[in-house]
Amino acid sequence: KQRVAIARALVTHPTVLLLDEPLAALDAKLREDMQIELINLQKEVGITFVYVTHDQTEALALSHRIAVMNAGHVEQQDEPSRIYGFPRTRFVADFIGHCNLLSGPVSANAEGVVVVAVAGLGPVRVAASSTLAAGRPGTIALRPEKIRIEAAAPAHTPDNHFRGTVSDLLYMGDVSVYIVDTPGGQKIEALLANSASGRAKFFEIGDPVEMSWPIAAGHFIAE
């Protein structure tokens, strides 16, 4: 049905084709197949596709450029990798995918490293080229897959290192998502690939863990 509708739209050779939630009614497997078909079709016909979707994963997979809108205005228009990895605002970081938003006043800013005093966690260091003065509010956007989670961190722990307890988990087949509570009350979401043979889950609710990540893993957003 979707293929016929797209073929009818393309027969007149338009310069721009608007697709408004074209795959919303499809199941997951067929939706993925159609995404690949749309990518190949756009390359073949060379027509600009304006694709409207509420599915962030679909937007990242299909787009050359994404416009994230909030309250009627564009917060950021950029390549998918930059939207995901380098959001310009807190809204964009929170809207696209899963993201830990670690906010607080800047306690230090020197030599390309900003330190944010995050309530319930402590000082968190992030690589950033910012002129924001100490005392001003800032946020570190930290994706769950950037966090290393272990029962005990090795001696060569990266720049940021925190203890916590697993409070919730979601087993999703290829990955498991862990919600970790820190002693200060901060909740951190971490993602771990289930790549080891013979194990479905690495940690259970109530397990103590240690989280760590390098300063380059986060992205600093000035408030």
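This is a predicted model: local features need pLDDT of at least 70, side-chain atom pairs count only at pLDDT 80 or more; totals for chains, interfaces and linings use all residues.
Close-up 1. Together with V16, V50 and V52, L18 makes a nonpolar surface patch of about 330 Å². The patch draws at least two residues from each of two strands, β1 (16–20) and β2 (48–52).

**Close-up 2. The stacked pair F91 and F95.** The structure holds 3 aromatic pairs. In one of them, the ring centres of F91 and F95 lie 5.6 Å apart and the planes meet at 10 degrees, so the pair counts as stacked. Both residues are in helix α5 (residues 90–95), and their spacing of 4 residues corresponds to about one helical turn. F91 is partly exposed, at a relative accessible area of 28%; F95 is likewise partly exposed, at 36%.

**Close-up 3. The tilted pair F162 and W213.** The rings of F162 and W213 form a tilted aromatic pair, with 5.5 Å from centre to centre and 35 degrees between the planes. F162 comes from strand β10 (residues 160–171) and W213 from strand β13 (residues 208–213), so the contact ties together parts 51 residues apart in sequence. F162 is buried, with a relative accessible area of 11%, and W213 is buried at 1% relative accessibility.

**Close-up 4. R143 over the ring of Y84.** The charged end of R143 is positioned over the Y84 ring, 3.9 Å from the ring centre.

**Close-up 5. The salt bridge between R31 and D55.** Among the 8 salt bridges found in the whole structure is the one joining the side chains of R31 and D55, with an N to O distance of 3.5 Å. This pair links distant parts of the chain, 24 residues apart: R31 lies in helix α2 (residues 28–45), and D55 lies in the loop between β2 and α3 (56–62). R31 is buried, at 14% relative accessible area, whereas D55 is partly exposed at 27%.

Close-up 6. R148 pairs with E150, their closest N and O atoms lying 3.1 Å apart. Here R148 is partly exposed at 37% relative accessibility, while E150 is buried at 18%. In the bridge between K187 and D181, the closest N and O atoms are 2.8 Å apart. K187 is partly exposed at 48% relative accessibility, and D181 is partly exposed at 24%.

Key: Residues are numbered from 1 along each chain as its sequence is written. Side-chain values use heavy atoms; hydrogens and water are left out. Patches are made of residues with over 30% relative accessible area and no salt bridge: like charges are joined within 9 Å, nonpolar side chains (Val, Leu, Ile, Met, Phe, Trp, Tyr) within 5 Å. Accessible areas come from the Shrake-Rupley method with a 1.4 Å probe; for residues, only the protein chains shown count as cover. A salt bridge is a side-chain nitrogen of Lys or Arg within 4 Å of a carboxyl oxygen of Asp or Glu. Rings of Phe, Tyr and Trp (its six-membered ring) pair if their centres lie within 6.5 Å; planes under 30 degrees apart count as stacked, over 60 as edge-to-face and the rest as tilted. Buried means under 20% relative accessible area, exposed over 50%, partly exposed in between (1.4 Å probe, protein chains only). A charge sits over a ring if NZ of Lys or CZ of Arg is within 6 Å of the ring centre and within 35 degrees of the ring normal.
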